[in-house]
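Please examine the protein chain shown below. The briefing that accompanies it is arranged by topic.

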Amino acid sequence: MIIVQFSPPNAGEKVCASLIRRRIFVIVIKAMGDVALDTLMSDFLQKSGGVAVIDGGLATELERYGADLNDPLWSAKCLLTSTHLIRQVHLDYLEAGADIIITASYQATIQGFEAKGYSPEDGESMLRKSVEIAHEARDIYYERCLESSSDCDCSNDGRVLKHRPILVAASVGSYGAYLADGSEYSGDYGDAMDLEFLKGFHRRRVQVLAESGADLIAFEAVPNKLEAQAFAELLEEGIIRIPAWFAFNSKDGVNVVSGDSMAECAAIADSCNKVVAVGINCTPPTFITALISTIKKATTKPILIYPNSGETYDAQRKQWKNSGVPDEDFVSYVNTWCEMGASLIGGCCRTTPDTIRTIYRALPTRSGSSN
């Protein structure tokens, strides 16, 4: 049995940060076994008004604050050099209305840190730090809510300072993201790639993140069916004690980027008891409607959608090209996605706190009179 208790502090209550952390989101695990975890996400969504808001692009904002991410570690480089910037970006998204913040661990791997000269222990420490930074941001946000004169959806300066359950999702990128050669956008790892290699590559990283205090694991931009199967089997091994979501990416609105069937990939996620949501990220907004229809045929689990801005990434030049979708146009899709069944909405690459704030205000169950 799993008991889930959401308990943000009451307005005006004086509590220390460590107590706030313990009371924000407490999961008491009495027995894991084969227990279905889907009620965890459904409970969270109910307390979020039916639709929860995911944060937006991390690297875009880190660069806006001056970080140089021209590195194989990408945004995870800031775990070594600029943790304060990661914390600030998390806070920016919370104050824009995000209910879920995703850690800076997408491209953080033990092997990647080793390639930079760090020990495996150092790499594990960096993974833990990514979760700790998100916790710190959540604690600071709750303290600001306590200090606010009113529990409101939108303060005079546009910040959302509202007591609500907030989840920390530990990001796990694909093997291709570690390679930093563009294969995360193609899903092509060569004919010699096999399931056991991928499981071995990811196993310790996922275990460390799961034991670091994250509320769930976010498997992001999963590019092919083989890696989806590897993640699903890792979850079933019993070493992972928290739930997860699977987010796939697509470049044609029909299949995942490798060309594997989106329906088959979603079915793999659906078959895993520890997976509590299935959906799409890092995909142009114009493809999302068709992809929701495909995913709905493969699963009854909550559907999550957090597209990129619509720009195209040139993996060779490591640059974004073409113009993206303006925030107002991006958000024009949101209600359609919700009507189709999506219940977790946010943004990915090149989206910003302004995008997330606009999404928050577009949801009638969340923003009230702030529209």
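Residues are numbered from 1 along each chain as its sequence is written, and side-chain values use heavy atoms, with hydrogens and water left out.

**Confidence**

- The protein chain has an average pLDDT of 86, where pLDDT is the predictor's confidence in each residue, from 0 to 100.
- A pLDDT of at least 70 is reached by 82% of the residues.
- Residues 1-7 have a pLDDT below 50, and the model gives this stretch 29 contacts beyond near neighbours in sequence; a contact means heavy atoms within 4.5 Å.
- Over residues 9-15 the pLDDT also stays under 50, and the model has 14 contacts for them beyond four places in sequence.
- Where pLDDT is low, the predicted coordinates should not be read in detail.

**The chain as a whole**

- The secondary structure comprises 16 helices and twelve strands; helices (H or I, at least four residues) and strands (E, at least two) are DSSP runs, numbered from the N terminus.
- Of the 371 residues in the protein chain, 57% are buried; buried means under 20% relative accessible area, exposed over 50%, and partly exposed in between (1.4 Å probe, protein chains only).
- Among contacts between residues at least 6 apart in sequence, 75% join residues at least 24 apart.

**Helices H7 and H9**

- Two packed helices are described by the angle between their axes and the distance between the axes.
- The axes of H7 (residues 120-147) and H9 come within 9 Å and cross at roughly 40°; axes are lines fitted to C-alpha atoms, for helices over the stretch in contact, and angles run from 0 to 180 degrees between N-to-C directions.
- H7 and H9 are therefore oblique to each other; angles under 35 degrees count as roughly parallel, over 145 as roughly antiparallel, 65 to 115 as roughly perpendicular, and the rest as oblique.
- On the H7 side the contact involves Glu-124, Leu-127, Arg-128, Ser-130 and Val-131, and on the H9 side Arg-204, Arg-205, Val-208 and Leu-209.
- These contact residues of H7 and H9 divide into four nonpolar, one polar and four charged; Ala, Val, Leu, Ile, Met, Phe, Trp, Tyr, Cys and Pro count as nonpolar, Asp, Glu, Lys and Arg as charged, and the others, Gly among them, as polar.

**Helices H11 and H12**

- H11 (residues 262-271) and H12 (residues 288-296) have axes that come within 9 Å and cross at roughly 50°.
- That angle makes H11 oblique to H12.
- Met-262, Ala-263 and Ala-266 of H11 meet Leu-291, Thr-294 and Ile-295 of H12.
- The residues of this contact divide into five nonpolar, one polar and no charged.

**Individual residues**

- Val-222 belongs to strand S6 (residues 216-222) and counts as buried, at 0% relative accessibility.
- Leaving aside residues up to four places away in sequence, Val-222 touches Glu-227, Ala-228, Phe-231, Ala-247, Phe-248 and Asn-249.
- Val-222 and Val-256 are 34 residues apart along the chain, and their C-alpha atoms are separated by 8.0 Å.
- Ala-180 is not a glycine, yet has a positive phi of about 55°; Ala-180 lies in the loop between helix H8 (175-179) and helix H9 (195-210).
- Cys-282, also not a glycine, has a positive phi of about 50°.
- Cys-282 is placed in the loop between strand S8 (275-281) and H12, and is buried, with a relative accessible area of 11%.

Technical notes:
This is a predicted model: local features need pLDDT of at least 70, side-chain atom pairs count only at pLDDT 80 or more; totals for chains, interfaces and linings use all residues.
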